[in-house]
Amino acid sequence: MKKLFLLSGGLDSTANLIKYVEAHGTEEVIALHVEFGDAIRHFAEKQAVTSICAKYQIPLYTQRVDFVPVADFDMLLQCALSFHYRQIPCEELWFGFTGLGGGHHYQALFDYAREYMTRLNTFDLGLELKRPRLVSAIDGLTRKDLSEIVGGELFWSCRNPIVDGELFEPCGRCGTCREYINDGVAHGVMRVALNSVPTRLSIHGISKSEVSDEDEPS
Ligand SMILES: [Zn+2]
């Protein structure tokens with residue numbers, strides 16, 4: 001049965017995948033990237049996701065969400081569950097969230113998620129619904145630990161990159177950049193190829209900066 005890794009392109013989800021694959025290999029591993037919002041950083045996030053999946057030859061699926069009607073974490077759970085029920089049945093859902101800030105334990109989040117998944121399944125469609133297990137390979141690790149796991153692989157966590165042509169640089173000022181600086185973790189620059197343009201941006205163009213958008217998981 002498949003193991004579905006949620007990949008945002010941020011440090012946590014990238015470290016989560018690498019830690020698992022380096023220990024257990026890529027058998028049954030598939031990845032889901034949820035595209036949402038219209039911030040310019042999504043270019044870099046998508047490139048990081050594409051890059052790590054290409055390295056390990058992991059099948060990558062993308063779900064585009066044009067608007068987010070619920071809390072971000074709820075949306076990610078809904079996307080993962082929809083994928084499990086409607087595309088490919090998965091035995092395990094693997095999560096890693098920068099939003100938890102490194103070093104936090106996943107227990108409370110997963111307790112909430114299990115309750116939420118149970119309630120999502122209260123519609124009786126005459127189907128036998130088997131919920132996947134929630135797992136994380138980076139429970140309790142600090143941001144420094146995660147950075148060592150990721151090593152030289154691409155990730156993107158800055159909320160408001162400084163963009164010069166194809167070159168993306170971390171701003172050094174957003175909440176995430178400040179946390180990285182405080183934790184002594186380096187956030188590199190990235191050259192972003194054109195084919196990394198998120199679908200939604202390619203349709204609507206880029207219209208706003210997201211300096212204040214601190215609550216999206218990355
Ligand atoms: Zn930043």
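Visitor: Which residue in β4 is the bridge partner of Leu4?

Guide: A quick note before the pairing: this is a predicted model, where local features need pLDDT of at least 70, side-chain atom pairs count only at pLDDT 80 or more, and totals for chains, interfaces and linings use all residues. Residues are numbered from 1 along each chain as its sequence is written, and side-chain values use heavy atoms, with hydrogens and water left out. Strands β1 (residues 2-6) and β4 (residues 90-94) run parallel, joined by four bridges; two strands pair if DSSP finds at least two bridges between them, and strands (E, at least two residues) and helices (H or I, at least four) are DSSP runs numbered from the N terminus. In β4, Leu4 is partnered by Leu93.

Visitor: And in β3, what is the bridge partner of Val34?

Guide: Here β2 (residues 29-36) runs parallel to β3 (residues 60-65), with six bridges between the two strands. Val34's partner in β3 is Gln63.

Visitor: What is the strand order of the open sheet?

Guide: The edge strands, each pairing on one side only, are β3 and β5 (133-135). With parallel pairing, the five strands of the open sheet come in the order β3-β2-β1-β4-β5.

Visitor: Which hand does the β-α-β unit of β2, α2 and β3 have?

Guide: The helix here is α2 (residues 41-56), placed between β2 and β3 in the unit. A crossover is right-handed if, with the strands pointing away from the viewer, the path from the first strand over the helix to the second runs clockwise. By that rule, this β-α-β unit is right-handed.

Visitor: Now the metal: what is the arrangement of the four donor atoms around the zinc ion?

Guide: The protein donors are the SG atoms of Cys158, Cys171, Cys174 and Cys177, lying 2.3 to 2.4 Å from the zinc ion; donors are N, O and S atoms within 2.8 Å of the metal (3.2 Å for Na, K and Ca), and water is not among the atoms, so sites may look incomplete. Four donors count as tetrahedral if all angles lie between 85 and 135 degrees. The donor atoms around the zinc ion subtend angles of 105 to 118 degrees, so the arrangement is tetrahedral.

Visitor: Is Cys174 buried or exposed?

Guide: Buried means under 20% relative accessible area, exposed over 50%, and partly exposed in between (1.4 Å probe, protein chains only). Cys158 has a relative accessible area of 0% and is buried. Cys174 has 5% relative accessibility, so Cys174 counts as buried.

Definitions and conventions. Tetrahedral: all angles 85-135°; square planar, octahedral: opposite > 155°, others 65-115°.
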